[in-house]
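Q: Hi! I have a structure open here and would like to talk it through with you. Could you help me find my way around?

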2 protein chains.
Amino acid sequence: MQLKQIGIIRSPHKQAAGTPVQSALATGIEGTIEIFPQFAPGLKDLEGFERILLVYWFDRATELQLTVIPYLDTEPRGLFATRAPCRPNPIGLSCVRLLEIRDRILRVADLDVLDNTPLLDIKPYIPSFDAFAAKRIGWCENAKGNPAVADGRFETGRNPSRTSR
Amino acid sequence: MQLKQIGIIRSPHKQAAGTPVQSALATGIEGTIEIFPQFAPGLKDLEGFERILLVYWFDRATELQLTVIPYLDTEPRGLFATRAPCRPNPIGLSCVRLLEIRDRILRVADLDVLDNTPLLDIKPYIPSFDAFAAKRIGWCENAKGNPAVADGRFETGRNPSRTSR
């Protein structure tokens, strides 16, 4: 199972410190995505979608840790119960707003990804496939000082460290 | 960028024909996920989440096609505007309901994945991070005979071919 880079994500986030931990916390932050020429024909029809899912490689993730202290918490949690990038397969997911496609450059907003991150895939975001109600959100229910985890809206959300997301 | 398998997905879907194209179309269909022993400590705290995102490898995907005719449509569309598995990186995403974890076996529902699919990652599904309203859904808005694409509810959804999802 070998991956190939299909493009590159360019963002204002030059380093982990200060990068939002989720696109839901990055409202309005814009960036661009360059799709390599050989994959550009796959972009046809994409512009009709308001949001797209970016699948990318956490190329600056720290080494695998099976328990982590999440940014939103103070206790060690199982890695798979968190969005931390130090995963067995450091694959990141972000749902961003698609503003425009020109040739093979996408302009997007709500971008929480580090500059120069390798892109692996783009999928259209379709609420009937991707948006689910889920009342039980485990340890996040008790994430102190982060009421928005439960509310669905964040007022602040700058990440002092991208160790966890 | 080399992937490692962290577990295996076991489902009643033995072949592409008849497999639902999305977990939203697989309501109630149960399966199990075995996490390999070395990754089991990462499962701690996961059981508190109602839904989880499975990241997996479409190991039976056909070769890359940059335009496809989606199951929900009759016209060729750009690959990245579809969920077809014949991608440059055949990575699949499913949001399933987590019913129970026993040791390193997860029992899940709403499973749209083929039996014996290699698992790459599990992430907790957190609506405030993952559920977005998106009114514009491109070609899906016109997907004839599939009113539920817009409504968010499917009455039927068996896939005659898993070429597209």
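**A chat about the strands and the two chains**

A: Happy to! This is a predicted model, and one place to begin is B:Ile101, which stands opposite B:Leu106 in S7(B).

Q: How many bridges join S6(B) to S7(B)?

A: Five bridges there, between strand S6 (residues 91-102) and strand S7 (residues 105-109) of chain B, again in an antiparallel arrangement.

Q: What do S6(B) and S7(B) form?

A: They make a hairpin, with two residues between the strands. B:Asp103 sits in the turn and has a positive phi of about 55 degrees.

Q: Back to S7(B): which residues are on its covered face, and which on the uncovered one?

A: B:Leu106 and B:Val108 are on the covered face, while B:Ile105, B:Arg107 and B:Ala109 are on the uncovered one. In a regular strand, side chains alternate between the two faces of the sheet.

Q: Nice. Zooming out, what do the strands of chain B build?

A: A closed barrel of six strands, in the order S1-S2-S7-S6-S3-S8, with antiparallel pairing. On average, neighbouring strands of this sheet are turned by 45 degrees against each other, direction ignored.

Q: Switching to chain A, how many helices and strands does it have?

A: Chain A has two helices and eight strands.

Q: How much of chain A counts as buried?

A: 51% of its 165 residues. Among contacts in chain A with a separation of 6 or more, 76% are between residues 24 or more positions apart.

Q: And the largest nonpolar core, which residues have the most contacts inside it?

A: Those are A:Ile52, A:Leu54, B:Ile52 and B:Leu54, in a core of 92 residues.

Q: What does A:Leu54 touch?

A: Leaving out residues up to four places away in sequence, A:Leu54 touches A:Ile9, A:Ser94, A:Val96, A:Val113, A:Leu119 and A:Ile122.

Q: Now the pair of chains. What rotation superposes chain A on chain B?

A: A rotation of 180 degrees, with 0.0 Å of shift along its axis and an RMSD of 0.0 Å. The two copies are therefore related as by a two-fold rotation axis. In chain A, the C-alpha nearest that axis belongs to A:Ala131, 2.1 Å away from it.

Definitions and conventions: Residues numbered from 1 in each chain as written. Chains lettered and ligands numbered in written order. Predicted model: local features only at pLDDT ≥ 70, side-chain atom pairs only at ≥ 80, totals over all residues. Least-squares fit on C-alpha atoms with pLDDT ≥ 70 in both. Pairing = 2+ DSSP bridges. Helix = DSSP H or I, 4+ residues; strand = E, 2+ residues; numbered from the N terminus. Axes fitted to C-alpha atoms, helices over the stretch in contact; angles between N-to-C directions. Buried ≥ 20, exposed ≤ 12 C-beta atoms within 10 Å, placed from the backbone. Contact = placed C-beta atoms within 7 Å. Core = buried A, V, L, I, M, F, W, Y, C linked by C-beta atoms within 7 Å.
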